[in-house]
Amino acid sequence: MDELEGLLDNALEVPHHGFLTVAVTGDGRREWQWYTRDVEAFMTALNQALAPHAVFPIDLSHQDDPGWTAYLSIQSAAT
């Protein structure tokens, strides 16, 4: 999980393809929530970053959240 997270940070957050808002770990899994302006560019960067590595057991999903509702909900719960 840590290796994948490091790859994602370097490939997505550093060049500003996405913004990691939360990572939740539990029950042998980790879930990341990313926000991006361009899903296609985000997915291209993700696939390029993962291409040289063995296949990671991941599932991807996408939702529109222009008001950052999910992020704001987590942020308010943390304060």
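Select His16 to begin, and you will find this residue in the loop between helix 1 and strand 1 (19-26), where helices (H or I, at least four residues) and strands (E, at least two) are DSSP runs numbered from the N terminus. His16 has a positive phi of about 70 degrees although it is not a glycine, and with a relative accessible area of 70% it is exposed, a word that here stands for over 50% relative accessible area, whereas buried stands for under 20% and partly exposed for what lies in between (1.4 Å probe, protein chains only).

Before you go on, note that this is a predicted model, in which local features need pLDDT of at least 70, side-chain atom pairs count only at pLDDT 80 or more, and totals for chains, interfaces and linings use all residues. Residues are numbered from 1 along each chain as its sequence is written, and side-chain values use heavy atoms, with hydrogens and water left out.

Next, select Asp27, which sits in the loop between strand 1 and strand 2. Asp27 is not a glycine either, yet its phi is positive, at about 55 degrees, and its relative accessibility of 81% makes it exposed.

Now show the whole chain as a cartoon and follow the pattern α-β-β-α-α along the sequence, which is made up of 3 helices and 2 strands.

Which residues of helix 2 are buried? They are Phe42, Ala45, Leu46, Ala49 and Leu50. If you look down the axis of helix 2, these buried residues fall within an arc of 125 degrees (taken from the directions from the helix axis to the C-beta atoms), so they line one face of the helix. The face turned away from the buried side carries the exposed residues Glu40 and Gln48, while the buried residues pack against helix 1 and strand 2.

Finally, select Leu46, which, leaving aside its neighbours within four places in sequence, is in contact (heavy atoms within 4.5 Å) with Leu8, Leu12 and Leu60. Leu46 also belongs to the largest nonpolar core, which has 14 residues; such a core is a set of buried Ala, Val, Leu, Ile, Met, Phe, Trp, Tyr and Cys residues joined through side-chain atoms within 4.5 Å.
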